[in-house]
Amino acid sequence: MVKVLICGDIIGPTSWKCLCERLATLQESHGPFDVLFLVGKLFQDENDYLECVKVIQLTLPTYFYDRTGIPLDILYNSMHQIVPEIIEPTKYLPKNLFLLKNSTTAPNINIGISNIHGLVVGFINNSTKMNDNTKIMDEIKEITSKPMYKGCDIVLSSEWPYEIHQFIPITELDFLKENHVSISRGSTLVSDCVEMLRPRYHFAGHCDIYYQRSPYSNNIDDMISPVTRFISLASVSDSKEKSKKYLHALALEPISNLSNDDIKQKPDNTTENPYVKVTGSSVQPVAKRFKFDDSHVNTGAMFYGSNGLTHNAPSDTSKILFIGNVPRSATENVLLKALPGAKSIRKVDGKSYIFVEFNDHQAARAVYLESTTVGIIVEGRTLSVGWAKDKESNMNNNLQLQPTDSDSKTLFIGNLCSQVSLDDIRKLFHAYTNLNIIRPEGRDYSFLEFNSHTDATEVVSSTQPYILGGNQLIIAWAKGKPADRVVSSTHQQDCWFCLASPSIKTHLICSVGEYVYIAMPKGSVTDLHVLIAPIECVPNRLHLTAIAKDELIRYEKAINSMLNTRRLYPVVFERAIRTKCKDHMQQHIVPISYEDVKAGSFQAFLKTISNYKLSFHEISSAEQDIDTVVLTMPGGPYQEFFYISIPVLDDGKKDVVYRRFVYLHEEKSRFQMSLGNEICANIIGQPERGNWKNCVLDDESEAKLTEAFINKFGPYDPMRVEA
Ligand SMILES: [Zn+2]
């Protein structure tokens, strides 16, 4: 029996100290343990390494594979045991710390199989830039496909595997959802390796959460294989919460000593193997993916806690689902087959989402549930499924029934069924010529720009209700300048942010999704300052389609996970104020340090807005979506606004919480266009960076900054396609 400990990510000297002390106590109370494996990152960078080694005192052999931060000479000396007597001890790794080495013949430092204390241990490290893994993957395949291979003892991976959520019980899904684990972001490299290695235990880090999946089966043909228990470990901390458990203990008889019957044992709660083969992955680096050919898209599973898609049925009679991520090549027959009980499908021209009406609520519900548990896969892509809105909206009497001035021509139409099309609306208002309808697909509202003030007045003051798809529409004047006219073919040429535009700065692009992308802004306030923008030209978040908004939220969460491990906190803002130029939505994310939060982020915000005499509303409930606030605020619906979310210290505590504020723009008021940057610059105590022109770099330096962001974000990028 080998007594093993496995530990999650370690961030900074305090965590190391915490771990070493815990180990010492454990050895006394439950030991002695034979070996410790470190599943994630040990150091952030070389400075962190130098600080951490001062406190590292390991009393048992400890193995790691993530070399981040370890100075190369030290790594080299330790690995090759260069004449220890003439080299000072600081030039070695701390006592008892060893690098896991691949024992197959393929040279690879990121993936390998090792034999430690009689245990067969696999490791997969994709937190660093990936090398070419073809050789090692071939070799692993050769070893693991031999009849005498019966699985290994432990696999350690820095990332969660892609598709690990498939087939898990609802309670586990709920747990992941509650803890904001975005399961769509796992690594295909990890799932590919684990699928071959068939370990008894698979440990992963990176999500800062303790989670133990129900075991899954590895039964392929007649091969003898153990079930796999996947366990995610939290980062080391002094938290006593169960979800923050970072150490796991095992007493293992090496698999080589077990009988076939022992290996084959299956607990009652064993699920199917979760790794569903996804076709069409690509080896192109992420920032270069400009072609939106379906074969390059591998965007994964589903979204959680999003307010783009509706995850609660609007009523217990609802029978229409909004389904996204549909391969464009999928025919109606293929789709009907994948969606049991479907009655009719409405495709939207050129879009990858559809509305599906089911025979009854039960059938729609069954498909929705299937999508959240096992996932529904069509031609290699996992569909994202939400409920189409078909009932009342919470629009109330706050709406503006008087025009803001005598030439207002834009009306807001609420309470639309989400499956109502542009054509349906056009038909309803066919009496009006030159009507411009702005209809974000999947949302329950539209903006209508009439040809004249008279036309708009006639509609808003009509005594007859307007009814569409069985719903009575809410009609009111929209406040603020209207959105741009429909995108003309020449428009893309003069918008800096349209991905298809020739003037787009490609060296600033960090990641490209299907509907939105991440880029560095020109003149960033801090090094990791990025913006999320839609691929198509829309002026602000109110105009994003439901599915684009879901993707935006998914990106936002991925960036937050990346920042989280670096102890950075995002200031998020969007300026939706019309300018003379083409307006293309940009949501800025400016990471700031704990010290900056502590130094008074909230005070810096207050001081900045008071300079301009702007009044803000605080959005009190974290549940309330910014879009709803802007549209339902008294005096609205507003089309122009500025939104900001700021990390601040919780009163009297050390915790960081987020406070959200919105400024609603009246047409004749003045707004400081660089307000967002100025707030961030004041928070970090460098007011001069509030003017982007002071921060502009040359192309080469910008490209370096982008590269640095991509390197950090890569492992978290939900759009990343693994080699
Ligand atoms: Zn644009």
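Predicted model: local features only at pLDDT ≥ 70, side-chain atom pairs only at ≥ 80, totals over all residues.
**Group meeting: a sheet and a helix pair**

Residues are numbered from 1 along each chain as its sequence is written.

Now the strands. β18, residues 410–414, and β23 run antiparallel, joined by four bridges. Strands here are DSSP runs of E, at least two residues; helices are runs of H or I, at least four; both are numbered from the N terminus. Pairing takes at least two DSSP bridges between two strands.

Next, the whole sheet. It is open, with four strands in the order β19-β20-β18-β23, and the pairing is antiparallel. Which strands stand at the edges? β19 (436–438) and β23 (474–477) do; each has a single partner strand, so one side of each is left without a neighbour in the sheet. On average, neighbouring strands are turned by 25 degrees against each other, direction ignored.

Helix α11, residues 453–460, packs on this sheet and touches β18 and β23. Its direction makes about 140 degrees with that of β23. Angles run from 0 to 180 degrees between N-to-C directions; axes are lines fitted to C-alpha atoms, for helices over the stretch in contact. Contact means C-beta atoms, placed from the backbone, within 7 Å.

Last, the helix pair. α4 (134–144) and α6 (188–197) pack at about 25 degrees, axes 9 Å apart. They are therefore roughly parallel, the word for angles under 35 degrees. I140, K141 and T144 of α4 meet C193, M196 and L197 of α6.

Notes
Parallel < 35°, antiparallel > 145°, perpendicular 65-115°, else oblique. Contact = placed C-beta atoms within 7 Å.
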